[in-house]
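Please consult the sequence and the model shown here alongside the points below.

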Amino acid sequence: MPLPVPVPPEGVDPAWLPPAAFRAVGSRRTLIRGSGPLVETVHGEVDDACRRFGGRVVRDASDDGPYDLVLGLGADGPELLGEEGFTSAREGGTTTVTASGGRGLLYGLFHVVRLGEAAFTGGPSRRTHHPALALRMLDHWDNVAVHPVMGQVERGYAGGSLFWRDGRARGDLDRVRAYGRLLAACGINAISVNNVNVHATEARLLTDRVGEVAAVAEALRPYGVRTHLSVSFAAPVLLGGLSTADPLDGAVRSWWAEATRRVYEAIPDFGGYVVKADSEGQPGPFAYGRSHAEGANLLAAALEPFGGTVHWRAFVYDHRQDWRDRTTDRARAAYDHFVPLDGEFAANAVLQVKHGPMDFQVREPVSPLIGAVPRTRLAVELQATQEYTGQQRHVCWLGPMWSEVLRFRHEDGTSVGESARGGLVAVANVGDDPFWTGHPLAQANLYTFGRLAWQPDAEPRAVLDEWISLSFPDAPTRLADGLHAVLDGSWRTYEKYTAPLGVGFMVQPGHHYGPSVDGYEYSPWGTYHFADRDGIGVDRSVASGTGFAGQYGTPWAGRYESPDTCPDELLLFFHHVPYGHVLKSGKTVIQHIYDTHFEGVEEVEEALSVWALLAGLVDPARHGRVAERYEEQLRSAREWRDQVNSYFFRKSGVPDGRGRLIH
Ligand code: GCV
């Protein structure tokens, strides 16, 4: 039986799957071959499209056509295609998608949807498609119970959680089903459903409340999305009444084995655990004098009989640092903790590493840990939720940043995308907002993440084209050009009016929105810029600084070591330099700060007026929401400009070379 297409509740935006995106498929004759739950999903999709657009769908036909589209399981063999790959071919007027697994067929269908009419034209062709990374996952930092400081979703800017409200499961699973469909259409195949900061209520999802997770898993399963759970390392104590959570303790091991067995009883295709241990106050193996490999392997052993994976986060650093202590450098921490453990992790333990050494700033170097643990399965973590990039009130399309990260090559020539053998993960940016992502244009980040996880070396601009043509199927060129104009450069624009040259932070403490140049300067979090009357930046050189630059291999260690060879955009991450230091651009640091801050605001003004001209081409609700957010972005960008420029003018006493007003 074809599975009906999930209908999101009234008023919820269809995002990149509006009905019109299916016109090309829905107006044709399609044959579907094969059986299995995901084949029913595919059948349901085509059936729904045909009802709208007048086409016809036949299942396992005896009648032999002719068909415009054949979607079928079989033929090319699992060894070639895997569970998720597919071939697409065109011959004699028929487009054929063949997969050896249900997920592959589903991805093949969405491939045809993306191509639209182009899937049904042109001469003979044949292509094989595989995801480069087997795991393409979103981590939801959703709390079950509302947290007094962090609310329902930690660092969430799109309303409440899709799964939880006020301490319990929301139950409206239609929205979750529709979410799974959107995820499948951009290639995402896994999510974790709760915050990595596991509070008391959330901890119980592992035991007596696992049924609530099972319901979410069931809603996502038809779209090939597996469910994972964040767990507390202290669960045996918190939930099991044991006196210890020591990973080498026999009773602890049995407790995890039994708890995990029960999870699989409830969710047979459960993906595994995500763990934040010894990080920002979360419990971990250090309390028992054990290593993080011993901690991770405890959970890996419990998951192993069922084929599950533990995602062990490498975000381990001293968050109670004394700002006077110049010997501790937070940027060094992940590498220092985990490189010595390379080779000690179980095969089903994945070390999940943030893409930069600090914390999702608008500009950071790539984490040196990513290139330094060849005997460890590694996942790279990105942040789609815009904690430090405008909190979905500012337009900041992260495709170009993520693409730079994924293409970065460490010493052995392996790119970050290739190193991420354990998968690519992003912190989710969605919630129960009618537009899913708060800012409607932030949908592009979610879509882009999925597509880059499928193909890390994809051109981000081409991915944006896909997003535009799916989301706005009848877009005139003027709309597509306008969307590119406001999105393409938006990350660099944001960078221009916020913290300069890779120095990071300068945000308001706690909520992290808006400027506060010294907000974290005297805090315990290890995030300092060291600006004084003469200069700014963190000396992370080996010669005279914290030695962080030495964590890289060739050529990066050498390049980052000297201000002469360090790329401009990372200069203040690696070096403390005088305001008069001349950048490769030919400008002094201080003049660069002034110029970029003026330019950044001008670029927001420009984007705002481009958006205004698109009224009439975008539906009024969406247009209005974006226009409203642009007003706030402009206000905030001006605040950033004026605070940052005034701060550095007052510190340095150097006037703007162009004589503009600095307060
Ligand atoms: C979930 C940053 C965020 C925290 C987040 C943490 C993490 O510090 O501000 O909200 O906690 O990263 O990645 O664990």
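**Salt bridges in the predicted model**

D172 and R170 are joined through their side chains by a salt bridge, with an N to O distance of 3.3 Å. The model is predicted, and a search of the whole structure finds 50 salt bridges. The points below take up selected cases.

**The D433 and R625 pair**
- A salt bridge connects the side chains of D433 and R625, at 3.0 Å from N to O.
- This pair links distant parts of the chain, 192 residues apart: D433 lies in the loop between β18 (423-427) and α14 (443-454), and R625 belongs to helix α21 (residues 620-652).
- D433 counts as buried because its relative accessibility is 8%, where buried means under 20%.
- R625 likewise counts as buried, at 16% relative accessibility.

**The E466 and R451 pair**
- E466 and R451 form a salt bridge whose closest N and O atoms are 2.8 Å apart.
- The two partners are 15 residues apart and link distant parts of the chain, with E466 in helix α15 (residues 460-471) and R451 in helix α14.
- R451 has a relative accessible area of 13%, so this residue is buried.

Notes. Residues are numbered from 1 along each chain as its sequence is written. This is a predicted model: local features need pLDDT of at least 70, side-chain atom pairs count only at pLDDT 80 or more; totals for chains, interfaces and linings use all residues. Side-chain values use heavy atoms; hydrogens and water are left out. A salt bridge is a side-chain nitrogen of Lys or Arg within 4 Å of a carboxyl oxygen of Asp or Glu. Helices (H or I, at least four residues) and strands (E, at least two) are DSSP runs, numbered from the N terminus. Buried means under 20% relative accessible area, exposed over 50%, partly exposed in between (1.4 Å probe, protein chains only).
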